Amino acid sequence: MILMITRLLYLLLLPGLFLMPGLSAAHEGNLPSNRIFINGNADNEEALFEQGMELYRQAQYDSAAVFFEQLETAEGRLFTGKSHWAAGNYQLARHHLYTISRNDDPRFYDEARYTLALTYFQSHQFGKSLDILQNMLSRPLRQDLRSDVRTLYNQILSYLTIEQRKQAFLQSELSAVHIDLLRYGLDYMTRSEASALLEALRPYFETVADVSIITSLERRIARLPDQPSDVRSIGSAPDGMVYTIGVILPEASRGSTTWQVSRSLYHGYLIAAEQYNRDHPSSKIRLKMLETSDTLLTEEAAVSRFAWDKKVDAILGPFFSESAHRVAELAEYYQIPVITPLANADTLNISNPYLFQMNPTFETRGKQMARFAVQELRLDTLAVITQSNQPVSAEARAFRVEAERLGATVLHYFSENFERRAFEVGHITPWFAGRERFVDIEEYPIKPVKGLYLAFTGSGAEHLIELILTDLQAIRSNVTILSNQTIAHANVSTAARRYFDIYYSDFFHLKRDSRHSLLLRDEYRTLTGQSPDDYAYLGYDVARFLFKTLNEVRNPARLKNKMRVQPYFEGTISRIDFNGTHVNQHLNFMHMGRDETILYQRRD
C-alpha cells in the first residue's frame, strides 16, 4: 500500500528555477526514457512514490513525473498531474488529472479538480477555471479545501481585466459564474457602462437568476461614478501566482562574442528571478529559455511555442534588431509583451504596442543629445557630421530636427560615405577653424559654431573620430565636441582631451557601489565564478524592471500599458524610462576629461 500523502499546499511547492550548465544545454532538460528500475524491482510502488516525492519536494518536477507516471493508482496519477502543473506543462497535467474520477478516493478527486482549476487559470482559460471551482463549492467539501477553493474563486474574479472578464463569460457554462463575473466587474466600470451591460444581459439574467440578484446589481450600479477614475481598481493576484517569462537567446559557438553576451544576459535574468522569488512569498517567476537559429528553431517558431505551449506572460529577447523585426508582428498577434534588451533599430516600434526597446533607438539618441546640447550646455549654434551609409544617419537627422525645434541654428550638416572617400575629412574640418590664419577664409568663412555633433558608428567610426579631432586641434577649433558612445572606444589623445570639451551619450553607466550592483556582483561570482560584465548588469536591470512591473499590475494583461508609464527605474547600469512610449528614453551623458570620464551632473 502506497503511503498516503495528504493535500500539499501548492503555494509552498511552486516551481523553482533551474541553473543551466551552459547556454547550449536544452533548457527543458532531457527526461529519462522508458521505465526506471529501483534496486532492480520495477514493481516496488512505494519506493517509486517516495522517490518521486523526494524529487517533487526538491522542485525537480519533470523528473518526479517520470516516477509517478509508472504508478497506476489514483494517488500516482494525481501527483503526475501535479508535477506537470508545477513544471508548467498544463496540457499534460490536465491529461493525467482528468483520469481521476468520483470513483476514486474523494480526497484525490477533489485535489485533482482543484489542480485542474489552477492549470486552466495559468493557461488563461479563466471561465473553465471558475466553472470547476463553482462546481466544487456547490457540493460537500472538507472545510480547509472549501476555504481554499472559495479564496481562489474570489481572487480570480477580482483579478480579471474587462476583456478577460468578457472571455471568461463566453467560456463559462454556469449562470452563477456569469453573475459573479458581472458583480465583480462593476468596480472597473462607470455607471453608464455598467447600466448598458446589464441591459444587454437582462433577458438572460431574468431567465437564470433570482429577481433579488438583479435588484442588488441595479443598486450597486446606481452608486457607481459617472466618470472613470484615473486609477481603476486592480484586484489582487491569486496566492501562489506563477509568472512565466520566455527567454529567447541565439544559438552561438561557445566562447564567441554572441555566446558571451547571451550567457551574461541570461545569468542577469536568472539572478533577478531568484531574488524576486526569495522576496515575494505569494508569487513566483518561472523562466523558460529557448535557443534559436536559422535552421533548428527560428525566432518566429520560438514565439509561437511560447504562446501555445508555455503560455508565457512576457518574453525577454531577442536582442538583435534583425531578429526583433521577425518577432514584432507575432508579439502583437499573440498579445505578449516582448522586451528587447539591445535592439535599437528605429523601424522596430512603429505602432506596435507589444514591443519594448530597452536600448534607445538612433532617433531617440539624436533627440536626447540635441536637448542636452541646447537646454543643458546652452549651445545655440551647431553643426553635424555623420555617415550617410550607416543607420546612425537617423540619429544625426533627429539631432538636427530637435535642435532646430528648440531654437538652435544648425549651420553645417555633412552626411557622407567616408569609406568611399578613404576617410578624407580635409574638405569639412576647415569650416570649424578657430583662427583665420589657419584656413582660406574666402573658401571657408569662419562662422561661430559652438557645438559639433559627430554621429558615427560601425566600420571605421573610431578612426574617423580620431582624424577629425586631430584636424580640429591643428586649426585651433573652439567647438564643443558632442558624440555618441563610439567616441568612448576611440583613441582620443591626452592632448585632445585637454584641448576640447567633449561630451557623449551612453546607454551604460555602472553604479558600482549601489546596493543592487553589489548584490549582483556577489551572486554572479557565486553562480559563474566570474565577475559580471556590462551585459550581465543590463540583463539584471531589464528583468528587475519587468518583474517589478508585474508585481505592481498583478495581471500580465495590464503589463504593456503599465510599462509605458512606469516612473523611471534606476538600475545598476541603465536607467529605464519609457515616458509614455515603447522605447527607453534615458541616456547618460558623459564628460570626457584629460584623466577620466565622469557622468555629467545635470543642472537643477
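**Pockets and sheet**

Modeller: In this predicted model, α21 gives the largest share of the lining of the largest pocket, namely six residues.

Colleague: What is the volume of that largest pocket?

Modeller: The largest pocket holds about 1,400 Å³ of space. It is lined by 44 residues, and Thr-161, Gln-164, Gln-335, Pro-556 and Ala-557 are the closest to its centre.

Colleague: Which elements give two or more residues to the lining?

Modeller: These are α5 (106–122), α8 (162–171), α13 (299–310), α14 (321–334), α20 (534–553) and α21 (559–565). By class, the lining of the largest pocket comprises 22 nonpolar, twelve polar and ten charged residues.

Colleague: And the second largest pocket, which residues lie nearest its centre?

Modeller: Gln-485, His-489, Asp-506, Phe-508 and Asp-534 do, out of 28 lining residues. The volume of this second largest pocket is about 780 Å³. At least two lining residues come from each of α15 (362–376), α17 (461–474), β10 (502–506) and α20.

Colleague: Now the sheet. What is the order of the five strands?

Modeller: The order is β2-β1-β3-β4-β5, in an open sheet with parallel pairing. Because β2 (283–292) and β5 (355–357) are at the edges with a single partner strand each, one side of each has no neighbour in the sheet. From one strand to the next, the twist averages 25°.

Colleague: How many bridges are there between β1 and β3?

Modeller: Three bridges join β1 (residues 241–250) to β3 (residues 314–316) in the parallel sense. Gly-246 is opposite Ile-315 in β3.

Colleague: Which strands does α12 lie across?

Modeller: Helix α12 (residues 257–279) lies across β1, β2 and β3, at about 165° to β2.

Technical notes
Residues numbered from 1 in each chain as written. Predicted model: local features only at pLDDT ≥ 70, side-chain atom pairs only at ≥ 80, totals over all residues. Heavy atoms only, no water. Pairing = 2+ DSSP bridges. Helix = DSSP H or I, 4+ residues; strand = E, 2+ residues; numbered from the N terminus. Axes fitted to C-alpha atoms, helices over the stretch in contact; angles between N-to-C directions. Contact = heavy atoms within 4.5 Å. 1 Å grid on protein atoms, 1.4 Å probe; cavity = no way out; pocket = protein on both sides within 12 Å on 5 of 7 lines; lining within 4 Å. Points joined across faces, edges and corners; volume = space filled by probe spheres on them. Nonpolar A, V, L, I, M, F, W, Y, C, P; charged D, E, K, R; others polar.
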